[in-house]
Amino acid sequence: MKTQTLLDRQSTVVLSLLTVAAIVVPAMNGLAAPGSALHLSDHLVPLLGKYVCFALLALSVDLIWGFCGILSLGHGAFFALGGYAMGMYLMRQIGPRGVYADPVLPDFMVFLNWKELPWFWHGFEWFPFAALMALIVPGALSFIFGWLAFRSRVTGVYLSIITQAMTFALMLAFFRNDMGFGGNNGLTDFKDILGFPLQSASTRIVLFVLSVVALACGYLLCRWVVNSKFGKVLVAVRDAESRTRFLGYRVEHYKLAVFTLSAMLAGIAGALYVPQVGIINPGEFAPANSIEVVIWVAVGGRGTLAGAILGALLVNAGKTWFTGVLPEFWLFALGGLFVFVTLFMPHGIFGAARDLGKQVSRRLASRRPPESLSQAAE
Amino acid sequence: MTTLRTIFWALVLLAGMTSVAMAGPYEDALPRFAADSYADTEAAIAAVTSSGHSLSLRVIEALRDGQLLVGAGQVVIRDISGPLVDAAKGQPSGANAGSLKPVRVNNRVRRAIEAALGNLTLLSTDPGTRLEAARAVFRSRDAAALPTLDKAIAQETSPNVRKALRTARAAILLNKADASSADRLGAVATLKERGDQEALALLSSLPSGTPSDIAEAAGKATDSIRARLALWSAVQNIWYGISLGSVLLLAAIGLAITFGTMGVINMAHGEMVMLGAYTTFVVQELIRTYAPGLFEASLFIALPLAFLVAGVTGILIERLVIRFLYGRSLETLLATWGLSLILQQAVRTLFGPTNREVGTPAWMSGALEIGGLSLTYNRIAIVVFAILVFAVLQLVLRYTSLGLHVRAVTQNRRMAGSMGIKTSRVDALAFGLGSGVAGIAGVALSQIDNVSPNLGQGYIIDSFMVVVFGGVGNLWGTLVGAMTLGIANKLLEPYAGAVLGKIVLLVGIIFFIQRRPRGLFALKGRAVEA
């Protein structure tokens with residue numbers, strides 16, 4: 001029964017499309033001859049990889065907003081924290097190849113005249129530790145934050161505003177040089193990951209495929225969560241929080257659990273994002289970024305999971321196209337998208353498609369009876 | 001006019017003749033400049049300064065500027081315009097410029113020159129020059145100036161300059177080993193009265209060998225000055241806090257109205273502030289082109305226009321977008337965010353991405369000095385303006401029918417509707433009012449911030465914090481919230497730095513929300529839990 005609901009029609013489509021992407025993109029990049037129409041140039045692979053990471057981030061937002069009604073305007077913070085954890089590992093891998101050739105200290109610390117590695121940088125030279133931290137740090141922050149917020153029943157716009165305050169505070173903090181995260185410039189100039197050079201086409205292909213796999217796993221996890229009994233309670237919380245509480249459910253526990261899970265997914269997305277774009281800086285914490293993630297979800301369709309993935313891919317592809325062709329119109333387009341989607345497509349593309357499908361079938365259904373009547377008359 | 005000039009020249013001639021007639025210390029000192037020895041030059045400076053001769057100032061100034069020339073037994077001043085003047089007589093000199101060379105100076109001599117100039121200008125007829133001179137002596141602490149100082153104090157009429165002269169005298173006496181004990185104790189008292197950083201430096205660096213009673217008095221004086229300075233700096237910080245608080249109040253008060261009545265967060269609120277600032281810019285541009293005489297009043301002309309521009313934009317937003325999202329506050333948040341992006345980009349396309357120059361009227365520049373405080377007029381104007389806006393809004397909400405309706409809808413929308421209040425009309429008007437207030441906030445902020453398309457973005461998070469902290473029960477919450485955050489921010493700054501202070505505050509608010517999820521002044525009653 002469970003496997004059946006897990007692999008419903010939507011999941012099958014999503015998973016098959018992701019599988020196709022994981023096969024076709026490497027093939028078009030590696031096998032097709034350069035210059036042929038089918039060839040995907042090297043710089044497009046990390047770009048697509050970036051979209052896939054954004055899709056995972058959108059998925060994590062959809063999990064809490066679409067199914068539990070928690071509108072987080074600070075999910076970019078968890079994404080960036082995961083990214084910083086990965087960035088710290090990559091930074092340590094540079095070793096003596098930095099500009100200042102210090103075997104231990106990253107360049108910016110030498111520049112700031114620091115003598116030794118701060119305590120929180122220890123262990124990051126070891127990949128499993130860094131990968132674990134990309135999960136634990138966002139998870140811990142979201143747990144503490146959520147525990148405080150949900151326990152005292154901060155809901156609705158108030159919650160949105162304080163999540164925004166959280167990411168804003170983190171942005172200010174990471175901009176400080178004294179924090180030990182490279183300040184304004186962030187972490188960059190990465191050389192290799194687990195011994196593989198980041199610039200090489202094959203590493204990028206592997207990272208892309210890994211991102212797609214992570215997205216697929218994330219999707220399955222979210223689907224499993226929302227299909228379970230736990231997921232039903234989440235939807236109940238979304239639709240009638242007080243009533244769910246009066247029915248005896250500990251609403252804050254459910255919210256906290258899903259919020260933490262979602263933050264960890266965002267952390268994974270960030271950790272996969274950084275090696276592909278080659279930089280992480282405090283700008284990722286900007287409140288505007290987190291708000292943009294929400295619109296990806298809204299465009300695709302809130303509460304559909306697959307819609308979040310579709311929205312993230314579409315909006316980001318649009319952004320890349322717009323900023324290349326009409327850079328000054330991108331903000332008009334994005335702003336217009338916010339207004340249009342909230343006003344005219346409250347359920348996003350997926351919802352609109354579903355409504356259309358219903359309308360069509362209703363029209364078909366309403367057309368049939370007269371026929372059958374006439375048939376009956378005959 | 002001509003008669004005056006004749007009399008003047010006659011006096012000059014007379015002075016010249018008397019100086020020729022009596023060879024005094026001044027004439028004796030002059031040849032020493034020619035000795036080409038720094039020690040002699042220094043002695044000559046001292047002698048010339050204390051001679052009281054009418055040409056002394058001119059000689060020393062020429063020496064400073066490298067225009068005092070010597071040669072062939074003559075000392076000559078070269079005027080800026082070129083001709084040579086005999087330093088002894090003040091009359092044109094027939095000396096051959098080729099045979100003259102400037103008197104050489106080194107650092108020691110330069111210091112002597114500075115001190116001498118300070119002494120000489122102490123007796124100037126212009127109070128401003130005297131004040132400058134007194135300050136110069138205070139810094140140089142040249143004991144040679146003491147007689148001149150005493151003379152200057154005796155004849156000083158301006159209390160301000162007199163005070164400066166007395167502190168200069170005290171500075172000299174304090175460090176003068178052979179001054180009487182009473183004099184030096186008096187000096188400590190005078191400096192304690194002055195009570196600023198410079199006095200503190202003087203009192204805390206007494207030369208070794210100072211008698212113990214004086215050292216003790218100086219120690220006590222430094223303690224009291226330190227305490228006073230700390231107090232003043234705390235007061236100054238509180239003032240900065242109040243000033244920041246009024247800026248926050250201006251930015252947030254409109255938001256509090258719209259959030260209070262409709263429960264929607266208007267993310268485009270910051271852009272209303274920006275529109276107000278750009279209105280000010282346009283008004284000033286028009287005034288500069290068509291009626292430059294009105295510039296001083298430009299801000300008063302801009303105020304109603306900014307209210308209209310932002311208010312009408314607000315009503316349009318409410319009618320065209322927000323109305324359709326009633327009851328879906330999170331969607332409203334997203335839609336208004338989209339609108340804010342559009343407005344920002346529209347302004348960027350129209351006016352360019354760079355900062356626009358908004359002028360400050362003359363009456364708003366300058367600063368008011370009270371004790372150890374320095375209050376700039378534009379900050380004072382903004383504080384006063386913020387209080388005015390707050391008071392007017394309170395009156396509007398309390399005594400007009402619009403205010404009554406807004407308050408009713410805030411408290412219980414459905415009940416208000418049942419009583420015959422047209423809630424949708426109230427929504428539109430409240431939104432217009434809130435946006436209009438944001439617009440006039442923009443006029444004020446154009447005076448202290450860069451007018452750029454991003455102006456609003458800088459205030460939006462802070463305004464939210466104020467509203468969330470203060471609660472939407474009534475406007476007092478906004479006032480208390482704005483002032484608390486402003487003052488707390490400025491009091492934290494000296495200890496934590498600007499950025500860390502702000503982080504501490506944000507984290508503080510996040511924790512505060514746990515204790516009071518609806519802010520300081522929350523609405524009470526069943527309607528809240530809707």
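Among contacts in chain B between residues at least 6 apart in sequence, what percentage join residues at least 24 apart? The figure is 69%, with two residues in contact if their C-beta atoms, placed from the backbone, lie within 7 Å.

## Model and numbering

This is a predicted model: local features need pLDDT of at least 70, side-chain atom pairs count only at pLDDT 80 or more, and totals for chains, interfaces and linings use all residues. Residues are numbered from 1 along each chain as its sequence is written, while chains are lettered from A and ligands numbered from 1 in the order written.

## Overall form of chain B

Chain B has 21 helices and six strands. These are DSSP runs, numbered from the N terminus (helices: H or I, at least four residues; strands: E, at least two).

The radius of gyration, taken over C-alpha atoms, is 34 Å. A compact globule of 530 residues would have a value near 24 Å, by the rule of 2.2 Å times the number of residues to the power 0.38. Along the principal axes, the C-alpha atoms fill a box of roughly 105 × 60 × 40 Å.

## Domains

An automatic or database assignment supplies the bounds. It gives domain 1 (25-108), domain 2 (122-210) and domain 3 (232-524) of chain B. The C-alpha centres of domain 1 and domain 2 of chain B are 29 Å apart.

## Helix H3

Buried residues of H3(B) are Thr41(B), Ala44(B), Ile45(B), Val48(B) and Thr49(B). Buried means 20 or more other C-beta atoms within 10 Å of the residue's own, all placed from the backbone. They pack against helix H2 (25-29), helix H4 (56-64) and helix H5 (107-121) of chain B.

Technical notes. Buried ≥ 20, exposed ≤ 12 C-beta atoms within 10 Å, placed from the backbone.
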